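Subject: Model for your files

Dear colleague,

Here is the structure I said I would pass on. Please look it over before reading the notes below it.

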Amino acid sequence: MLAQQKLTKKPGRWIRWLIIGISFIVVLLLLAYVGIGIYGANTFNQDSKRVRDFGLETPAKYGLNYQEVSFASSGQSNLTLRGWWVPKDGSQKALILVHGRDSNRTRLLPLSKSLSDSGYNLLYFDLQGQGQSDGDRYYFGQREKEDVTGAFAFVKSKGFSSSSIGVLGWSMGGSATLLALPLEPELKVVVTDSAYADFEKVAYYRFSRDYGLPDFLLPGIFASGKLLYGLDMNQTRPEVALQQVEGRRIFLIHGDKYGCDA
């Protein structure tokens, strides 16, 4: 009788330990997923190689006079953005140049001489969280769109007509420019190179390629980014913004090879 009781109790005890063990593993996996999400969100939108000292990389390198300028990002960001104004005597045309991710205004300097010779006043500036501008993070266009509208307002304040101001944007800077269009009805002429239509799709396309990690980690990173830093993937979709505008001159440049730096 005692032996029978021991036999009947033993399976129940093992089942309890098995449930406890599985529950422990599940909790550990969930904690690991949350931890990876928080770590990923903390590093995902920071320029780890941010350059603040440009040295000799200025418009003067290309034989152009320039002025150090600063202005505010519009909207809630209200951060101070810093850049260069390259005047062109006798010209009433201006171009705003917007760089991409993990970059700064110096990236676009090789274009300065040809654009100036073509008769344009030029505004180079650092997006928030990059270069010498204020901020610690970038937002894949969600907040940078307000940097673009702030730059547009700055050029207008120098006496330029809105119809004579254009924007050239590259990669993330191009997407930020497209996202700015619904915010600034007077911005009529835009050229972008390698701008993405939906950053979330780009992230899924590149995540495993760039980091060698599985895509199922991304939802945790996105959720943590939204909760901790306000980074909302729904606000990084230029394809949606373009549906809200009309009567603009927009030239989109793209290639068929992988290489967008976002």
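Predicted model: local features only at pLDDT ≥ 70, side-chain atom pairs only at ≥ 80, totals over all residues.

Residues are numbered from 1 along each chain as its sequence is written, and side-chain values use heavy atoms, with hydrogens and water left out.

Strands (E, at least two residues) and helices (H or I, at least four) are DSSP runs, numbered from the N terminus. Strands count as paired if DSSP finds at least two bridges between them. Buried means under 20% relative accessible area, with a 1.4 Å probe and protein chains only.

Strand S3 (residues 94-98) has 5 of its 5 residues buried. Ala94, Ile96 and Val98 point one way from S3, and Leu95 and Leu97 point the other way. S3 pairs in parallel with strand S4 (residues 121-125) over 5 bridges, and alanine 94 stands opposite asparagine 121. Between S3 and S4 the chain passes through helix H2 (residues 112-117) in a right-handed β-α-β crossover; right-handed means that, with the strands pointing away from the viewer, the path from the first strand over the helix to the second runs clockwise.

S3 also pairs in parallel with S5, again over 5 bridges. Here isoleucine 96 is partnered by valine 167, and valine 98 by glycine 169.

Strand S5 (residues 165-170) is largely enclosed by the rest of the structure, because 5 of its 6 residues are buried. S5 runs parallel to strand S6 (residues 189-193), joined by 5 bridges, with glycine 166 partnered by valine 189. S5, helix H4 (residues 172-180) and S6 form a right-handed β-α-β unit.

Regards

Terms used. Buried < 20%, exposed > 50% of the residue type's maximum accessible area, 1.4 Å probe, protein only.
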